Amino acid sequence: MSQNRKEDGMAEVVVIGGGPGGYVAAMKLAMNGKKTILVERDQIGGTCLNRGCIPTKALMHCSEVLETIRHSERSGICVDSWHVDRQKVDAYKNEVVEKLSGGVAWLLKKRGVQVIRGTAVFTGERQLKITLPGGEEQYLSPQWVIIATGSESALPPIEGINGKHVMTSTEALDVTDLPQNLVIIGGGVIGLEIGSIYSRFGVKTTILEALPELLPSADREAVQVLQDAVGRTIQIQTGAKVNAIRDFGDEKKVCYEVDGTAREITAQKVLVCVGRKPNTRELGLDRAGVAVSDRGYILVNECCETTAKHVYAIGDVNGRTLLAHAASAQGILVSEKICGRDAEVNINLIPSCIYTRPELAYVGKTEEDLKKAHIPYRVGRFPLNANGKALSMDEPEGFVKILIGKPYGEILGAHLVGARATDLIAELALAINAECTVEELIHTVHAHPTISEAVFEAAELAYFGQTVHVI
Ligand code: NAD
């Protein structure tokens, strides 16, 4: 036995990983009286708070302020001189991150969750060894374990992928040293969001996407609006298969193929964002009886139960939906189960949000899904250029599209592209989850002037085929 071994800790539940899945589960458990330990090897908040959603949104905000200044003359606001202080932009981003992750650490303490800074591995069924930063070991044998270890950037097997000036989204969050030009490999959510930030800061940006179309799981019409808008400042090449990244003097040369024709492009930096891989290595899952898929994701059922009794896996690590709010929802579901209650949260209805300008948000079925399943439906599509608030904000691009079932008018899906889309989607997620009909949406008064009126008018269009503000 190791000389550094500490006394076994007593805990009913051990949560491994302190991201939005793990910390939400831990707090919910503690709030319900369960003695809970949260083990985190790095910073509380995980990828979302420290290297993902939050720093990206802080940088997105800064870049939008810049864009507003650039176009302010249209609203009669003439800004004679301005400059970007990158150190201050970086400090602003860090301040937001520190405030939030410090806040979560404080809440965990107040809720009575014991946080252990260390790395957890299974030594047997629900037997854990935690290695602390100083090398000491602590052993825990809880009744339940929740694995919430998240994911990390996946790097495809492309020549030169590990070279200098080739970044993942983590390094791309440091904006103190921006390149003049950037090639982004992967036109998914990260590529589009970071591409938008960089291009607003004046970086000539090109996205190379392997698929023939961007964002294949989103509504085609909505993606077209997004692509047209983003394409005004970012060069987007779809159907581009990247095969090498080589040094080219001080720059990088990215070699790719489109329709079998070889092409190349040079840039000072390359960002690789082609998806994520689960953090399951070195967890000793085999010793715990926890099975993983071919791609390393932990296999779970509808309740996030793994193949081992009383061991759950939530968030990115189970590969169901790689989104922070999906992880939190799964954390709530699992904590309810452990407390012996029927979990009410619906983890199968997850809204998707992309924070470009215009924003894209969707929930439920797409038209493609409904056609494939031969489900009869009607569409209501209201353009934002007929909405007073969107026009006042000078953001008339986009629409709200609502899909309803025939003949009952149940809401099947909603696809929003435009200003505030990522906030408005909540109403439609609620409507679908509560099994509202479109009539109930129509009979709900929407405030004026707000973009939410476009939701009401899209619902009217789907139901009546007409509404007041468009012919
Ligand atoms: P993604 O899966 O969203 O997109 C990756 C893209 O890369 C895909 O379109 C894929 O076709 C393309 N691709 C794959 N291999 C390629 C290659 N060799 N050459 C060119 N293109 C290639 O992954 P991501 O953008 O890395 O994001 C990772 C995860 O983080 C996703 O699950 C995403 O949902 C999540 N995320 C969410 C948000 C948000 O909710 N706003 C923001 C950032 C990240």
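Residues are numbered from 1 along each chain as its sequence is written, and side-chain values use heavy atoms, without hydrogens or water. In this predicted model, local features need pLDDT of at least 70 and side-chain atom pairs count only at pLDDT 80 or more, while totals for chains, interfaces and linings use all residues.

Me: Which strands stand at the edges of the open sheet of three strands, and why is one side of each left without a neighbour?
Reply: Strands here are DSSP runs of E with at least two residues, numbered from the N terminus. Two strands pair if DSSP finds at least two bridges between them. The order is S4-S5-S6, with antiparallel pairing.

Me: Which residue in S5 is the bridge partner of Val121?
Reply: S4 and S5 (residues 127–131) run antiparallel and are joined by five bridges. In S5, the partner of Val121 is Lys129.

Me: Which residues form the covered face of S5, and which the uncovered one?
Reply: In a regular strand the side chains alternate between the two faces of the sheet. In S5, Leu128 and Ile130 make up the covered face. The uncovered face has Gln127, Lys129 and Thr131.

Me: Which residue takes a positive phi in the hairpin of S5 and S6?
Reply: S5 and S6 pair in the antiparallel sense over four bridges. Thr131 stands opposite Glu137 in S6. The hairpin has five residues between the strands, and the positive phi, near 95°, belongs to Gly135.

Me: How many disulfides does a search of the whole structure find?
Reply: A disulfide is a pair of cysteine sulfur atoms within 2.5 Å. The sulfur of Cys304 is 7.5 Å from the closest cysteine sulfur, in Cys303, too far for a bond. For Cys273 the closest cysteine sulfur is in Cys53, at 15 Å, again too far. The search finds zero.

Me: Is Cys304 buried or exposed?
Reply: Buried means under 20% relative accessible area, exposed over 50%, and partly exposed in between (1.4 Å probe, protein chains only). Cys304 has a relative accessible area of 0%. That value makes Cys304 buried.
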